[in-house]
Amino acid sequence: MTEKTIQEQSIEELYAEASEHKVNVGEVKIHAKRMAGKFRNIKWLASSVWLVFFLGPYLRYGDRQAVLFDIPNRQFHIFGITILPQDLWMLSFILLFFAILLAVVTALAGRVYCGYFCFQTIWTDIFTWIEEKLEGAPAKRRKLEKEKLGLGKIVVKIKKFSLWILISIITGLSFVAWFTDAYDLWQNLFSLQASTVAYFTILLFTAGTFVLAGFLREQTCFWLCPYARIQAVMVDTTSIVPSYDVPRGEKRGRLVKGKDIPEGQGDCIDCGQCVAVCPTGVDIRGGQQEGCITCGLCIDACDAVMEKINKPKGLVRYASWDGIMGKKELPLFKRPRVWLYSAILMVSVIMVIAGLSTMQPLELKILHARQPLFVMQSDGTVQNRYTLKILNKLTHDFPVKISVDGSKFNGLTIIGAEKEVMTHHGTVTAVTIFVKVPNKNLTEKSQPIHFIIKGKTKDGQEYTSKRESMFIGPNK
Ligand code: SF4
Ligand code: SF4
């Protein structure tokens, strides 16, 4: 079978290729034809965002990895921001944001995430690209599969599996590098000093990538991916997805060599190229289907065919079903669903921004002792007991000085805060202090009192945190 482009192939060759592909429909492994085109280029471009996954862990910020999910120490570092378990409420808004984003994108443009960004489809794409380079076009690959195991076949399989395993190992390694210092990880791996968890995770990801992208491929999209199952409820007749222009294409029929499309026949010449290039083996002419990952590759194929037979492009194109059937479509801003999704997206973004902007490297919480609320001292003072909980979100320990704003309390004294307190990074340091105020100076039974902590790191950076509590005395 030929490896020519659609433009170079004759109509007979296209039909022969389609028949050969049809015979193999239902094959366990789909061998999709690869061709150049607009959506193929977009797919490569979109896939390149995954370079961040491989290169991101090597980016430094200050003295540490710019983005580090430090699970053993229960800290996430994102550039200068440290997120501790106390801040994980933000995670729910981040998850909400991505869940709604996925819903809104699916409602508007189908499984566009699957077609252009999903790791499963991208890794599969890279694996099949390697396969094609080593084993040839789909017809050659099918032939090779049926051949008995000989030296030639063994060599080509070894080459292919070696490259697949190499990519799988790099994938596993890159994943782990987000959770531990990437440079240390390499060092520890080569000196066999990395943790068992690291070795196990790399092994797991290597095996997972190798099997999922190399063997299961589109079957993962069909049978394992939960998103494929729920997308049907999100897509409707207004969603813009790769669609076959039924009124224009039907009634489809084969093109006879040297003749034009006969009167009454649609523009679809039933060449099967849209099916041959589909990575999931879908025939888009049957309408939107569960297997369609909206990658647009069938559009490239059909456009090439239309160009070849001098017909306008776009027989298969990104369009809504309403648009294809000539119905009036509501503009985006008039669709209630778009407004609802946008509002939820906006709320989650605002919450995350608010959370990040109010996060402080030093946090203070005050617990006022309840039993007893106050103690009358023999010297005529009223004593309250407080436990200060100081959370140090920096990467190092540093001392802080505790003080109380005593401007409203004449004669206030503090016991337990004479010396600086060493706060330990990534954890809460608890300090108990006593505050005494002469009873005669108290004007109310309960008055607000402010606690302040101030600290200075070795590099001269100053941090302050202030909290209000209550000072309680006898009835007045
Ligand atoms: S039908 Fe078209 S858009 Fe859908 S998966 Fe196949 S090639 Fe991609
Ligand atoms: S839709 Fe286009 S690519 Fe598909 S069979 Fe018809 S003419 Fe060929």
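Is the crossing of H2 and H6 left-handed or right-handed? In this predicted model, the crossing of these two helices is left-handed. The axes of helix H2 (residues 38–47) and H6 come within 11 Å and cross at roughly 115 degrees. On the H2 side the contact is formed by Arg 40, Lys 43, Trp 44 and Ser 47, and these meet Thr 121, Ile 122, Asp 125, Ile 126 and Trp 129 of H6. Sorted by class, the contact of H2 with H6 comprises 4 nonpolar, 2 polar and 3 charged residues.

Helix H6 (residues 119–135) also packs against helix H8 (residues 151–177), at an angle of about 155 degrees and with the axes 10 Å apart. Because angles over 145 degrees count as roughly antiparallel, H6 is roughly antiparallel to H8. The crossing in this pair is right-handed. H6 contributes Trp 123, Ile 126, Phe 127, Ile 130, Glu 131, Leu 134 and Glu 135 to the contact, while H8 contributes Val 156, Lys 157, Lys 159, Lys 160, Leu 163, Trp 164, Ile 167, Ser 168 and Thr 171. These residues divide into 9 nonpolar, 2 polar and 5 charged. Ile 126 of H6 is part of the contact with H2 and also of the contact with H8.

H8 in turn packs against H10, the two axes coming within 8 Å and crossing at roughly 135 degrees. H8 and H10 are therefore oblique to each other, and their crossing is right-handed. The H8 residues in this contact are Phe 161, Trp 164, Ile 165, Ser 168, Ile 169, Thr 171, Gly 172, Leu 173, Phe 175 and Val 176. Their counterparts in H10 are Ala 198, Thr 201, Ile 202, Phe 205, Thr 206, Thr 209, Phe 210, Gly 214 and Phe 215. By class, the contact of H8 with H10 holds 12 nonpolar and 7 polar residues, with no charged residue. Trp 164, Ser 168 and Thr 171 of H8 take part in the contact with H10 and are also listed in the contact with H6.

Among the strands, 4 form an open antiparallel sheet in the order S13-S11-S15-S16. Strand S13 (421–423) and strand S16 (462–472) stand at the edges with a single partner strand each, so one side of each has no neighbour in the sheet. From one strand to the next the twist averages 35 degrees. Within this sheet, strand S11 (residues 398–405) pairs with S13 in the antiparallel sense over 3 bridges, and Pro 399 stands opposite Met 422 in S13.

A further open sheet consists of 3 strands in the order S3-S4-S5, again with antiparallel pairing. Its edge strands are S3 (67–70) and S5 (81–83), each of which pairs on one side only. The twist here averages 10 degrees from one strand to the next. Strand S4 (residues 75–78) and S5 run antiparallel and are joined by 3 bridges; the bridge partner of Ile 78 in S5 is Ile 81.

Strand S14 (residues 427–438) is joined to strand S10 (residues 381–392) by 12 bridges, and the two run antiparallel. In this pairing Arg 385 stands opposite Phe 434 of S14. S14 also pairs with strand S12 (residues 413–415), in the antiparallel sense and over 3 bridges. There, the bridge partner of Thr 413 in S14 is Lys 436.

Most residues other than glycine have a negative phi, and most peptide bonds are trans. The peptide bond from Glu 250 to Lys 251 is cis, with omega near 0 degrees. Lys 251 is found in the loop between helix H13 (246–249) and helix H14 (273–276). Another cis peptide bond joins Gln 371 and Pro 372, with omega about -5 degrees. Pro 372 lies in the loop between strand S8 (362–368) and strand S9 (375–376). Leu 192 has a positive phi, near 55 degrees, although the residue is not glycine. Leu 192 is placed in the loop between helix H9 (182–190) and helix H10 (196–216).

The residues around ligand 2 are Tyr 244, Cys 268, Ile 269, Asp 270, Cys 271, Gly 272, Cys 274, Arg 285, Cys 302, Met 306, Leu 315 and Val 316. This shell divides into 9 nonpolar, 1 polar and 2 charged residues.

How values were computed
Residues numbered from 1 in each chain as written. Chains lettered and ligands numbered in written order. Predicted model: local features only at pLDDT ≥ 70, side-chain atom pairs only at ≥ 80, totals over all residues. Heavy atoms only, no water. Near = heavy atom within 4 Å. Nonpolar A, V, L, I, M, F, W, Y, C, P; charged D, E, K, R; others polar. Axes fitted to C-alpha atoms, helices over the stretch in contact; angles between N-to-C directions. Parallel < 35°, antiparallel > 145°, perpendicular 65-115°, else oblique. Left-handed = near helix turned anticlockwise from the far one by under 90°. Contact = heavy atoms within 4.5 Å. Pairing = 2+ DSSP bridges.
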